[in-house]
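Reader: Hi! Could you walk me through this one?
Author: Happy to, let's have it on screen.

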Amino acid sequence: MRIGELAKATGTSARALRHYEQAGLISSERAPNGYRIYDERAVVRVRNIRYLLAAGLTLDDVRVFLPCLDGDVAAAPPSDKGLRVALERLAVLNERITAQTEACDRLEAALREKTGDRILPTARTASGGPDHPEAPR
């Protein structure tokens with residue numbers, strides 16, 4: 001299948017597929033006209049890559065899962081190495097969340113100070129977070 005067909009079958013862009021290929025996560029053959037031709041198994045591989053990326057992993061992290069990208073990644077038990085990579089990524093994400101929350105709190109405090117503590121929705125309230133008036137209780 002050509003790159004556009006693979007993109008449509010996986011809900012991704014041709015640009016992302018070229019990026020995955022450059023990163024060594026998928027491969028293609030070249031047709032005589034220079035077009036990339038992918039094996040039908042690439043659909044499963046790309047869906048697994050997208051699943052792992054959506055879970056918060058990076059392309060570098062996904063490389064650890066190369067041996068199992070052609071199977072059912074979501075249902076398979078993680079390897080020790082895969083579990084370690086996922087836990088490390090989780091720690092990085094939690095550090096970023098903490099840093100962003102602290103920055104949000106500092107900005108909110110500065111705005112409240114400058115506005116005389118008038119009604120000012122917090123970023124969490126304004127974005128529909130748990131403090132939002134329409135959030136489920």
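This is a predicted model: local features need pLDDT of at least 70, side-chain atom pairs count only at pLDDT 80 or more; totals for chains, interfaces and linings use all residues.
Reader: Thanks! How many helices and strands does the protein chain have?
Author: The protein chain has 6 helices and 2 strands; helices (H or I, at least four residues) and strands (E, at least two) are DSSP runs, numbered from the N terminus. From that end, the order is α-α-β-β-α-α-α-α.
Reader: Back to α2, then. Which of its residues are buried?
Author: In helix α2 (residues 14-22), the buried ones are Ala16, Leu17, Tyr20 and Glu21. Buried means under 20% relative accessible area, exposed over 50%, and partly exposed in between (1.4 Å probe, protein chains only).
Reader: Why are they on the same side of α2?
Author: Because they cover an arc of only 140 degrees around the axis, taken from the directions from the helix axis to the C-beta atoms. The face turned away from that buried side carries the exposed residues Arg15 and Gln22.
Reader: And what do the buried residues of α2 pack against?
Author: Their partners are α1 (3-10), β2 (36-37), α3 (42-54) and α4 (59-62), with contact meaning heavy atoms within 4.5 Å.
Reader: Nice. Which residues have the most contacts inside the largest nonpolar core?
Author: Leu6, Leu17, Tyr20, Tyr38 and Ile49 do, in a core of 22 residues. α3 gives the most to this core, with 5 residues. A nonpolar core is a set of buried Ala, Val, Leu, Ile, Met, Phe, Trp, Tyr and Cys residues joined through side-chain atoms within 4.5 Å.
Reader: What does Ile49 touch?
Author: Not counting residues up to four places away in sequence, Ile49 touches Tyr20, Leu25, Ile26, Leu59, Val62 and Leu69.
Reader: Changing topic: is Leu90 buried or partly exposed?
Author: Leu90 counts as partly exposed because its relative accessibility is 45%. Leu90 lies in helix α5 (residues 80-114).
Reader: Great. And how much of the protein chain counts as buried?
Author: Of its 137 residues, 28% count as buried.

Conventions
Residues are numbered from 1 along each chain as its sequence is written. Side-chain values use heavy atoms; hydrogens and water are left out.
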